[in-house]
Amino acid sequence: MKSRVVKLDKTLLRGAIVSFIVPLLVMLTGFYLREIAPFGERTLCSMDGFSQYWPMLQNMGEAIKDGEIMYSWNGALGFNLFAQNAYYTNSPLWILIWILPQSLRITGINLLAAFKLCFASVFFFLRLYFTHTEKKSYAKRLLFPCLSVAFGLSGYALAFINQFMWTDVVMLLPLTVWGLELLFRKSRPTLYIVCLFLSLWSCFYLSYMVCIFAVLYFLYLTFTDGISFNSFLKKGTLFALSSVFSAGMAAVVLIPTYKSLGLTLASDLGFEGGLSFTHGILEFLTNFLPFVKPSLEYGAPNLYFGITGIALLICGLFCKKIKGRSKLISAAFLVFMLVSMSLNLGDFIWHGFHYPNQLPGRQSFLFIFLALSLAAAYVDLSSLKKGTVRLLCILLLTEICVNGVVQTTAYTWASKSSSLNRYDSIMSEFVPLQEDEEFTRIDFADVKKNNGTQQYSFRGVTYYSSTMTADAYNFFQAMGQPKYAKNVSVYYEQSDITNALFGISHILTEKKTKLPDGSDKYEFTVTENKNALPLAFLCSDDIKSFVLTDYEPGEETQEALWLSLTEKDGEDFSEQVAELQKKGMEITAFDTDLIKGKITAEKESVLFTTIPCDGGWRLYIDGEEAEVIKLCSYFCGADIPEGDHEIEFRYTVPGIRVGAVLSLLSLFGTAVLIYFTKKRL
């Protein structure tokens, strides 16, 4: 008995090592050939990584260091940083990047992305090893590691390796499902609760898909195991409680994020048209093949997990030793997953009741997981010679590894680090231009740098994020501000009115010159704007009746808004600005989520601010809470009585208090549930 335990331990150790090392070697080889750091100057921070993840990580790192993680002024004139972080940068693993020196962070991001695929493979192996205890040792030693590598280096994982916010959920999926199986068969919910919680915390978006899959998988286990109705009720209750407590513990993140996304343009989009298939059969089948260009922008879902893997799955489904009932249910589950990805309504539901903008089939990692899991469970190796088994494993491993190198080398999005950090060496000198007490903003002129204000910690306008509110997008579009492609975003395009209204005190203009060696040298000239208005000032009552949509976007809207603020047409622009500056609020204390100031109103007036109104700001006048009025469909404002007043704005992330209470209650409920389930065992 003792020697048997040692043998199993060796098999476990070897399998885990193979499952980790093989994907790592494949990724490092691809990095080397693609010249991705640490083997070159390229980085996986490309496309969304270039435009969103990298600057957002920089912004969030600064926010954590300063203890200001709720709100940011570094884009869109101000935004809910907590919600943005929950969507993009909430993975606990980012701590490993933030503690690195700035010069090593890009390399750290590349390696972390590769390690996540390695751990996805290892976790898949551990689940197979401990779940299928009845399998022969050589199946565990040979087949399980190969199938695990196929999951870690699947077409989905390689295609979306740049989508850093998704990879945590893919990595945790094998453990989440393993936990669900332990819950179902042994009434042990701990692993399921912990892993689902971590997934929801790291990326609620893909975790939403995992939650749907968990329900389907629970029903799948119910039908394949053939349990009684009473047993179904007991297991179903435990599953429901565990799922609710997992989500409840993450409620401090989920509820604020849900409220924030309810303000976006996507929240108003619904299912349109009749039922139809999004892609042809041939296009779907093509994406099962190796060496095929992945669907990175448009196309059918990325479904590749090895031709040999498909052959093993088919052999398993036709295995005579497996009950016909189980095979039929398993085949039906696979077909359902595949059809739901190709049917427009299914795709709509999987993607959170909206159609994704590029990056298709974001749920296809669930299909790949299911297919490989069924191959491991059903394929019968006992009728095959060990040499045949070895050959199959060699074929699968070779195919997966070669495809991994080809995909990484030929198709992975990668940008040059020098392009990503083009302005790093010169941006720091502009930070002193912004003094907190004065509250000024800075932005780029004629520089299409997505989220540059976040990357370099400037209060400004430029912003690109899926969490951008519809009010923000509509306002900036009405003001004639350009956007990035078709996405919810804004680049700052200056004018005398916007420079004044947004409080832009300095404008950075890029100057590029060619050096003798052919390289480019980047510099910035700084233009000071004396007409910048304060963050809050008193204005005409006409602003309350101003409607953005009454005017043509651009110059006409800007001029109409300016006239509503000043009530004076035809006067010198600088004189109008000087008049509004005199009515400005003097800031006496400023933090990202707290603004205090003094203001004097010679008569009853309207307080106009360029503080975005998202439901999180509360206003106090002379210590008493006052009603916040939404002006221009975007900004916070208020009615101010005559006299001298103390003004205070306080920001609380909408929903965070309710979420925190639910998280604490759910944590207590989880502890009670685990205690009683262990006591029963």
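I began with strand β17 (residues 635-640), which pairs with β16 in the antiparallel sense over 3 bridges. For me, strands are DSSP runs of E with at least two residues, and helices are runs of H or I with at least four, numbered from the N terminus. Two strands pair if DSSP finds at least two bridges between them. I looked up Leu631 and found Phe635 in β17 as its bridge partner.

I noted that this is a predicted model, where local features need pLDDT of at least 70, side-chain atom pairs count only at pLDDT 80 or more, and totals for chains, interfaces and linings use all residues. Residues are numbered from 1 along each chain as its sequence is written, and side-chain values use heavy atoms, without hydrogens and water.

Next I followed the sheet: it is open, has 4 strands and runs β10-β13-β17-β16 with antiparallel pairing. β10 (536-539) and β16 (629-631) are the edge strands, each pairing on one side only.

Then I turned to cavities and counted 3 of 30 Å³ or more. A cavity is a set of points on a 1 Å grid over the protein atoms alone where a 1.4 Å probe fits but cannot get out; lining residues have an atom within 4 Å of a point. Points are joined across faces, edges and corners, and a volume is the space filled by probe spheres set on them.

The largest cavity has about 90 Å³, and its lining includes Gly155, Tyr304 and Gln407.

Which helix gives the most to its lining? I found α8, with 4 residues. Trp166 and Met171 are among the lining residues.

Terms used. On a 1 Å grid over the protein atoms alone, a cavity is a set of points where a 1.4 Å probe fits but cannot get out, and a pocket is an open set with protein on both sides within 12 Å along at least five of seven lines; lining residues have an atom within 4 Å of a point.
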